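I opened the model to look up how its parts pack and pair. My notes follow.

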Amino acid sequence: MAAITYKNASCIYEGSDKLAVDNLNLDIQDGEFIVLVGPSGSGKSTALRMLAGLEDIDEGSIEIGGKDMTGVPSKDRDIAMVFQNYALYPNKTVAENMGFALKLRGVSAEERRKKVEEAAKVLDLTEHLDRKPAKLSGGQRQRVAMGRAIVREPQVFCMDEPLSNLDAKLRVQTRTQIAALQRRLGTTTVYVTHDQVEAMTMGDRVAVLRFGKLQQFASPNELYDRPANAFVAGFIGSPAMNLFTAPITSDGVKLGDSTFELERDHLSKLKELGLKEVTVGIRPEQLEITDSGGVEVVVDLVEDLGSEAYVYTHASGVEMVARSNPRTAPRLADTVRLRRHPEGAVHLFHSETGERLN
């Protein structure tokens, strides 16, 4: 196990004029489970591959356990990689797949079997050790890939979207198993995903990337409650945070013929900054449907989830989502009014830079 440090680490692909990873700085503690998340092309997989030694570090450095990894071959970094496509040998049994790296190291057959059986017990694969991968389900194959990494007892686990090939139900089950397993082993883990729900439920801390740049590195709660900018605010959360840019008035911001009210201290802050418009963010659960006041909207869709409902609406070119009681939710095409819950948090962002203002 070891701490990991990215120090102004950058990578650019040959023939490109843009950095795939741009001055990335991360301090990852020993035993921490870190998730790199972002949309396609954000640089998250490249950052992981730089750590694993599969991509060159063009500028800056990456340290594992205090040792600079610049120029160190992948095989000498004491890391284990788990890929999206399992990468199992079809002609080998589960036990042979899990113990293959140990065999290459010259570990005795007896010691290999012992380590494989221990890992299989942890992963609930004991009864499958003599099967070939073709006889396993997708979730079982992914656990075999995990077992192959575990038996090596590395300093660091690198996982590149390992659940992408699984169906929705199996993804939820397997991500729970992976998170629980990492807590049990205590091995420093860097996990890449494009799924923000996966990131929020698995990581001790989450690094959000966009266009190769780090947007925010914080705990899931902090990302949700205090996003650093409008991009993080809109990316983290399901359904996403409501974000809209509107002119500032004496009482709040203007939406069509209605006013979305803001607190006095927020208005004072905006006045100090001399802004004429602002980007407002509010979570769906912080909005409530009301008979009076607020903003008049038209219902486009009601998503009934049984225990709760999400009401998708629009008004004056702005789309807004509010959480509702499914038993009293409005119907499609209804006109209703939305207002901020009395204790609801409002997030303000600069309309041009997207940076947080409050």
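I count two strands as paired if DSSP finds at least two bridges between them. The model is predicted, and I kept that in mind throughout.

Entry on the sheet. I looked up the strand order and found five strands in an open sheet, running β15-β19-β16-β17-β18. The pairing is antiparallel. I then checked the edges: β15 (287-290) and β18 (318-324) each pair on one side only.

Entry on one strand pair. I followed β17 (residues 309-315) to β18 and found seven bridges joining the two, which run antiparallel. Which residue of β18 is the bridge partner of Ala-309? I found Ser-324 in that place.

Entry on a helix pair. I took helix α4 (residues 138-150) and helix α5 (residues 168-185), which pack at an angle of about 20 degrees with their axes 11 Å apart. I therefore logged α4 as roughly parallel to α5, since angles under 35 degrees count as such. The crossing of the two helices, α4 and α5, is right-handed.

I next listed the contact residues. From α4 I have Gly-138, Gly-139, Arg-143, Met-146 and Ile-150. In α5 they meet Leu-170, Gln-177, Ile-178, Leu-181 and Leu-185. I sorted the residues of this contact by type and got six nonpolar, three polar and one charged.

Methods:
Residues numbered from 1 in each chain as written. Predicted model: local features only at pLDDT ≥ 70, side-chain atom pairs only at ≥ 80, totals over all residues. Heavy atoms only, no water. Axes fitted to C-alpha atoms, helices over the stretch in contact; angles between N-to-C directions. Helix = DSSP H or I, 4+ residues; strand = E, 2+ residues; numbered from the N terminus. Parallel < 35°, antiparallel > 145°, perpendicular 65-115°, else oblique. Left-handed = near helix turned anticlockwise from the far one by under 90°. Contact = heavy atoms within 4.5 Å. Nonpolar A, V, L, I, M, F, W, Y, C, P; charged D, E, K, R; others polar.
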